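Subject: A structure for you to look at

Hi,

Here is the structure I promised to pass on. Have a look at it first, and then read my notes below.

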Amino acid sequence: MIKKYLFLFFILASFPVFSQSYDKEINGKILVINVDSLKTQEIQSKVLAWVALNYKSANDVIQLNSPDKIIVKGNFAIDSNKPFPDLFSKKVYYVPAHIVFDHTLIVSIKDNKCKVDISFPGKVKMLNHLNTDWFFIINEYTLLNEFTIENQYETARKNFNVQNNNNKKKVDKKLSNLKGLIEASFVCEKQIATGMNNEISVLFISLQDYLNKKDNEW
């Protein structure tokens, strides 16, 4: 699990200094780090040192260690409050949920640069005391944190169409009855997506800063 990186808010302010992009093939994000002064072997050594500092049980999480590629299996966790409806009162209640984001980190190395890929499964379970099968979907919308309340209603309508054989009257009624739940779910998922993307950015910045730190910097 990634350790908390110090001075989070200060670091978040520096996000614009690098560009990370979404990659559909890996269901994750990519960052290219330029390290003009380091050769392949030096980058490999520094990446391994960074893994040892930022992951628990570094020897267990490293799946591959070669001069041109390092693969790490890790995770980070986010706590949230998952909304759910009371079928009788139609009120929305909240259940604390713990979400563990397993990920694969691939660092491809060349002289003077490396490419960092972080990939995720399509969905992760939201652990809760009700032992309910709730899942958080990880896709382009969540990894770019660009989904909207309109997306939320569109997804709900598609699901209700499948469940009700495209009966518009039934679907519209369900959308109306579950309006509060749909909007509360959007707020919850937006918060989780924001937290997930912050964790990714902190990880990327941490590695970038470590690779660019000079040996004489303490």
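A contact means heavy atoms within 4.5 Å. Among the contacts in the chain with a separation of 6 or more, 65% are between residues 24 or more positions apart.

Before we go on, some background. This is a predicted model, in which local features need pLDDT of at least 70 and side-chain atom pairs count only at pLDDT 80 or more, while totals for chains, interfaces and linings use all residues. Residues are numbered from 1 along each chain as its sequence is written, and side-chain values use heavy atoms, leaving out hydrogens and water.

The chain has seven helices and eight strands (DSSP runs numbered from the N terminus: helices are H or I with at least four residues, strands are E with at least two). Its C-alpha trace spans about 65 × 30 × 30 Å along the principal axes. Of its 218 residues, 41% count as buried, meaning under 20% relative accessible area with a 1.4 Å probe, protein chains only.

Now for the inside. A nonpolar core is a set of buried Ala, Val, Leu, Ile, Met, Phe, Trp, Tyr and Cys residues joined through side-chain atoms within 4.5 Å. The largest one has 44 residues, and F101, L105, F136 and M196 touch the most other members. Helix α7 gives the largest share of this core, 11 residues. Apart from it lies another core of five residues, including A156 and V171.

Best wishes

Conventions. Buried means under 20% relative accessible area, exposed over 50%, partly exposed in between (1.4 Å probe, protein chains only).
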